[in-house]
Amino acid sequence: MSSTTADQQPIETRLFINGEFQPSTDGKTFKLINPYTHEPVTDVHEASEQDVDKAVAAAKAAFPAWRDLTPDDRGVYLRKLSALIRENIPELARLESIAMGKPVSLYIDGKLAADTFAYYAEAGWHAQGTSSVNTPSVLGLSLRQPYGVVGAIIPWNMPLALLSIKVAPALAAGNTVVLKSSEKAPLTSAFAAKLIAEAGFPPGVVNIISGFGSPAGSAIASHMDVRCLSFTGSTATGQKIQIAAAKSNLKVVHLELGGKTPAIIFEDADIEKAAEKTQFSIHFTSGQTCFANSRIYVQESVADKFIAVFKEKFGAAARMGNPLEPTTNHGPQADNIQYERVKSYLEIGEKDGKLTMGGDGGMGFIKPTVFENVPDDSRLMKEEVFGPVVAINTFKTEEEAIERANASEFGLYASVFTKDMDRAVRLSKLLEAGTVGVNCTSPTIVKDMPMGGYKQSGLGREGLLSGLDSYLETKTVLISTSS
């Protein structure tokens, strides 16, 4: 334990390898800065390639015994971890707040993680194959079996939720795991490791390390004993991971990457509801989500009305301040790097379009920001900003709206607001996105539907009913029945 606060439990910052907390092999640490106070929170141990090797070796050694447990026996550990997460949600919310500025009032990760581990405590039995007697004298069987060591690399915006979405199904399927947290938000992952130890998981089944994309993330992506890797983060990093995976052992890679979500508002939409839902999407977590609807296309005939209502709601909704205060719902950007990145896009927006609301709030904060009349070829329209910044443009026809919404290399989420269900069905089929919301938008998801992206927004799908399948190999067994 490297640090404590006056009235809180100690903050764990070491690596969790083979069931034990330990410092990084070379003793290296990095400083975590509170994005609200700008004061140091703690020093976090930084994993090296040697630490990754140790974690993978531990996971590989633990795999045979974990694989051979029944789903019920694995479920005992997952169920216990779910209960411990639920008991510690206030502390998890506090750790997230001091690490990356997420308001405690909006902390949903704890419940999502507890629910996910609870579901997969029961779901291991769904690892089912098939059989065939269609070929004479042969009984054909397909088996679903775990890969072995699974690597997981998670981002900083919803770390505990994403930890659970990757770790729980991997474990339920019979794999062992090495997870790297983000250097911007490592504290809840380290706290989860404490809960994993408390739940009594066998050593090596789950290993959690902190550190940077290089060397730790790169070492996981290129490791010859990691057979499957799940990553959530930027498209640029996802491309590097896929290259490293291909050059090493062709490990299976699942990628949930960036987004540039369009929302299309038709003239027959409920303008009040459309404005409320779209402003919440870009405001949620200070715009730091991959599916935030950062592009809005509104039909010309209702544009003035929609924009006025949107701005009113967008501005009134934001209560900026100390993310530890229960009344705050708009925190700072996750760190100074992210703050400066968003400010650079504000400059692009002011150059290419018209700033009509918000801007730089100072001291790490970005105000709810609206740009209008931004050309479709502007970087503000094409690249992921990851801040509370939205560009609102107008359109004339349905065909135009579809074409402009799809004119992106991203395809994670899209939404359409209309009372015309025929139109809604048409757009749901034509919009190039892994999820399409009709009269709703992100962060609306449902836990039992697949979540993932088209185009450069990713490969594979996550979600309760999809997750287990992502961590299972398929084997065909042919048994001769001839005499």
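This is a short tour of a predicted model, one selection at a time.

**Stop one: the two domains.** Start by colouring the protein chain in two parts: domain 1, residues 15–257 plus 458–476, and domain 2, residues 262–451. Where they touch, 30 residues of domain 1 meet 32 residues of domain 2.

**Stop two: the second largest pocket.** Next, pick I33, A334, D335, N336 and I337, the residues nearest the centre of the second largest pocket. Its volume is about 340 Å³, and 19 residues line it. Where does this pocket lie relative to domain 1 and domain 2? Both domains give residues to the lining, so the second largest pocket lies between them.

Now show strand 3 (29–33) and helix 11 (336–352), each of which supplies at least two residues of that lining. Strand 3 gives the largest share, four residues. Colour the lining by residue type and you get 10 nonpolar, five polar and four charged residues.

**Stop three: the largest nonpolar core.** Select I85, L171 and F201, which have the most contacts inside the largest nonpolar core, a set of 57 residues. Then bring up helix 5 (residues 159–172), as the largest share of this core, nine residues, comes from there.

Stay on L171 for a moment and show what surrounds it. Leaving out residues up to four places away in sequence, L171 touches W66, R74, L78, T176, V177, F201, V205 and V206.

**Stop four: helix 7.** Move on to residues 213–221, which make up helix 7. Which of its residues are buried? Select A216, G217, A219, I220 and A221 to see them.

**Last stop: Q299.** Finish with strand 13, residues 295–299, where you'll find Q299. Is the Q299 side of the story buried or exposed? Q299 has a relative accessible area of 8%, so it counts as buried, the cut-off being under 20%. Show its partners beyond four places in sequence: Q299 is in contact with I265, F266 and E267, as well as with F395 and K396.

Key
Residues numbered from 1 in each chain as written. Predicted model: local features only at pLDDT ≥ 70, side-chain atom pairs only at ≥ 80, totals over all residues. Heavy atoms only, no water. Buried < 20%, exposed > 50% of the residue type's maximum accessible area, 1.4 Å probe, protein only. Contact = heavy atoms within 4.5 Å. 1 Å grid on protein atoms, 1.4 Å probe; cavity = no way out; pocket = protein on both sides within 12 Å on 5 of 7 lines; lining within 4 Å. Points joined across faces, edges and corners; volume = space filled by probe spheres on them. Nonpolar A, V, L, I, M, F, W, Y, C, P; charged D, E, K, R; others polar. Domains from an automatic or database assignment. Core = buried A, V, L, I, M, F, W, Y, C linked by side-chain atoms within 4.5 Å.
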